[in-house]
Amino acid sequence: TKVPRFASFRFSDSTQGSTWANFPMQLIWTPRWCLEQGEKDILYFSPCSISERATAEYLPSELNDAPTQDQWIQNIIEAQSCFASTNLQKIVLARQSKRHSLDAESLFSELRVLQKNCYHFLLSPNQNESFFGVSPERLLKIEGTKLQTEAVAGTRATSVDHIENAHLSDALFHSKKDQNEHGIVIQYITERLVPFCTEINIKPM
């Protein structure tokens, strides 16, 4: 039986006034035990008491988003200016949502139900903080000397109607903008893997 290992890396290497100050720079560990249901659904249980986690009282959560809508629009304008005045090919704008609650596990469970067929993660460095989220792509998978990663750029909403989904898929495949963005991501990943790999195979889109 293969023993799974998990890894996490902090977003920022700065500790002064950082949201990530209590999260380790990098952490690789083997879980005490885990429950797997398919490749994308792995429940990892940390050494802390499960009963202690389960007895947390659920309280209404407070959600704070940043930046504001006005700031977001300003960020878009500044990004457009950068494209016009520099050689930048791609800018990824991001938003941050902070939710204050005593029951991160319940919120995470709700997220797993709402966002299916994705990779879900939750990391609690202590009893008071948790970081969790959902990603449509896996960062990497390592088996022996083989490393596998994914380049995801350009998406479309899905529908319960199979015919409509086919049209959405076709529109995405023939979108010049999305194809260009996808190519940039592939090039970025490839350039960073070259120093560490003897061979790189890129599957066609």
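The charged end of Arg192 lies over the ring of Tyr188, at 3.7 Å from the ring centre. This arrangement, like every other described here, comes from a predicted model.

The protein as a whole contains 5 helices and 10 strands. Its chain has 205 residues, and 14% of them count as buried.

Helix 5 covers residues 176–193. The helix has 18 residues and reaches 26 Å from its first C-alpha to its last. That span is close to the 26 Å expected at 1.5 Å a residue. Six positions of helix 5 are listed as buried: Asp178, Glu181, His182, Ile184, Val185 and Ile186. An α-helix has 3.6 residues a turn, so residues three or four places apart point the same way. In helix 5, the buried residues include Asp178, Glu181 and Ile184, as well as His182 and Val185. The partner of this buried set is helix 4 (162–173), against which the buried residues of helix 5 pack.

Glu181 deserves a separate description. This residue lies in helix 5. Its relative accessible area is 19%, so Glu181 counts as buried; the cut-off is under 20%. Which residues does Glu181 contact, leaving aside its neighbours within four places in sequence? They are Lys90, Ala153 and Gly154.

Aromatic rings come next. A pair of aromatic rings is described by the distance of the centres and the angle of the planes. The model holds 2 aromatic pairs. One of them joins Phe108 and Phe132 in an edge-to-face arrangement. Their centres are 5.9 Å apart, and the angle between the planes is 70°. This pair links distant parts of the chain. Phe108 belongs to helix 3 (residues 104–114), whereas Phe132 belongs to strand 8 (residues 131–135). The two residues are 24 residues apart. Phe108 is buried because its relative accessibility is 13%. Phe132 has a relative accessible area of 25% and is therefore partly exposed.

Phe121 and Phe131 form another aromatic pair, and this one is tilted. Here the centres are 5.5 Å apart, with 45° between the planes. Phe121 sits in strand 7 (residues 119–123) and Phe131 in strand 8, so the pair ties together parts that are 10 residues apart in sequence. Phe121 is partly exposed, at 34% relative accessibility. Phe131 is partly exposed too, with a relative accessible area of 26%.

The loop between strand 7 and strand 8 contains Asn128. Is Asn128 buried or exposed? At 74% relative accessibility, Asn128 counts as exposed. Asn128 and Asp103 are 25 residues apart along the chain, yet their C-alpha atoms are separated by 9.7 Å. Asp103 is placed in the loop between strand 6 (96–100) and helix 3. Asp103 has a relative accessible area of 6% and is therefore buried. Asp103 can also be compared with Ser130, which is 27 residues away along the chain. The C-alpha atoms of Asp103 and Ser130 are separated by 9.5 Å.

Phe9 is exposed, because its relative accessibility is 54%. Not counting residues up to four places away in sequence, Phe9 touches Met25 and Gln26. The C-alpha atoms of Phe9 and Gln26 are separated by 4.4 Å, although the residues are 17 residues apart along the chain.

Cysteines complete the survey. How many disulfides does a search of the whole structure find? The search returns 0. Cys82 is partly exposed, at 30% relative accessibility. Cys197 is partly exposed as well, with a relative accessible area of 29%.

Conventions:
Residues are numbered from 1 along each chain as its sequence is written. This is a predicted model: local features need pLDDT of at least 70, side-chain atom pairs count only at pLDDT 80 or more; totals for chains, interfaces and linings use all residues. Side-chain values use heavy atoms; hydrogens and water are left out. Rings of Phe, Tyr and Trp (its six-membered ring) pair if their centres lie within 6.5 Å; planes under 30 degrees apart count as stacked, over 60 as edge-to-face and the rest as tilted. Helices (H or I, at least four residues) and strands (E, at least two) are DSSP runs, numbered from the N terminus. Buried means under 20% relative accessible area, exposed over 50%, partly exposed in between (1.4 Å probe, protein chains only). A charge sits over a ring if NZ of Lys or CZ of Arg is within 6 Å of the ring centre and within 35 degrees of the ring normal. The expected span of a helix is 1.5 Å times one less than its number of residues. Contact means heavy atoms within 4.5 Å. A disulfide is a pair of cysteine sulfur atoms within 2.5 Å.
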